[in-house]
Structures are given as structure tokens and as C-alpha cells.
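Please find below a note on the structure under review.

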Amino acid sequence: MERFKKIYSQGIVSVMEIWVDMETGVNYVFHKDGTAAGFTPLLDADGKPVVTRFGYGE
């Protein structure tokens, strides 16, 4: 099993993706525009990390 799984992607030149850490469930945002890029936790309205809960077998 791979540690990170891409669950959302949009764009070609300016790319926005959402990745999930399969061990912790924490969601991350990846954004790339030209030669600049960033990867940071996705936060909810309270400033807490968005966590995806997985069941058995996922």
C-alpha cells in the first residue's frame, strides 16, 4: 500500500490536488503553478486538519 493517495485533481498548467495520508487519514492540498509548488495540510473552518476515516480493506 502506498502512503499517499490522490483523491482529487484539477488543472493542467495550474494544478490543484488533494492527497490523503493513508496511515493517518489527514488530507493535504498540493498546488503547482509553473515552477512553484506547495504541499500543506487541508484545514477545516476551525483550523483543524481534515481527516478522512477509512474502513477495513481500503
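This is a predicted model: local features need pLDDT of at least 70, side-chain atom pairs count only at pLDDT 80 or more; totals for chains, interfaces and linings use all residues.

1. The structure contains 3 salt bridges. In one of them, Arg3 pairs with Asp21, with the closest N and O atoms 2.7 Å apart. Arg3 belongs to the segment before E1 and Asp21 to strand E2 (residues 14–21), so this pair ties together parts that are 18 residues apart in sequence.

2. Arg3 also forms a salt bridge with Glu23, where the closest N and O atoms are 3.5 Å apart. Glu23 sits in the loop between E2 and E3, 20 residues from Arg3, and the pair links distant parts of the chain. Asp21 counts as buried at 3% relative accessibility, whereas Arg3 is partly exposed at 38% and Glu23 is exposed at 58%.

3. Lys6 and Glu17 meet through their side chains in a salt bridge (3.6 Å, N to O). Because Lys6 lies in strand E1 and Glu17 in strand E2, the pair ties together parts 11 residues apart in sequence. Lys6 is partly exposed, at 41%; Glu17 is buried, at 10%.

4. Asn27, in strand E3 (residues 27–33), has a relative accessible area of 4% and is therefore buried, the cut-off being under 20%. A polar atom of the Asn27 side chain lies 3.1 Å from the backbone oxygen of Gly25. Beyond its neighbours within four places in sequence, Asn27 contacts residues including Ile7, Trp19, Pro41 and Val51.

5. Ile7, Tyr8 and Met16 make a nonpolar surface patch of about 260 Å². Of these, Tyr8 is found in strand E1 (residues 4–10) and is partly exposed, with a relative accessible area of 38%.

How values were computed:
Residues are numbered from 1 along each chain as its sequence is written. Side-chain values use heavy atoms; hydrogens and water are left out. Helices (H or I, at least four residues) and strands (E, at least two) are DSSP runs, numbered from the N terminus. Buried means under 20% relative accessible area, exposed over 50%, partly exposed in between (1.4 Å probe, protein chains only). A polar contact is a pair of N or O atoms within 3.5 Å; within protein, one must be able to donate a hydrogen and the other to accept it, and residues adjacent in sequence count only if both atoms are side-chain atoms. Contact means heavy atoms within 4.5 Å. Patches are made of residues with over 30% relative accessible area and no salt bridge: like charges are joined within 9 Å, nonpolar side chains (Val, Leu, Ile, Met, Phe, Trp, Tyr) within 5 Å. Accessible areas come from the Shrake-Rupley method with a 1.4 Å probe; for residues, only the protein chains shown count as cover. A salt bridge is a side-chain nitrogen of Lys or Arg within 4 Å of a carboxyl oxygen of Asp or Glu.
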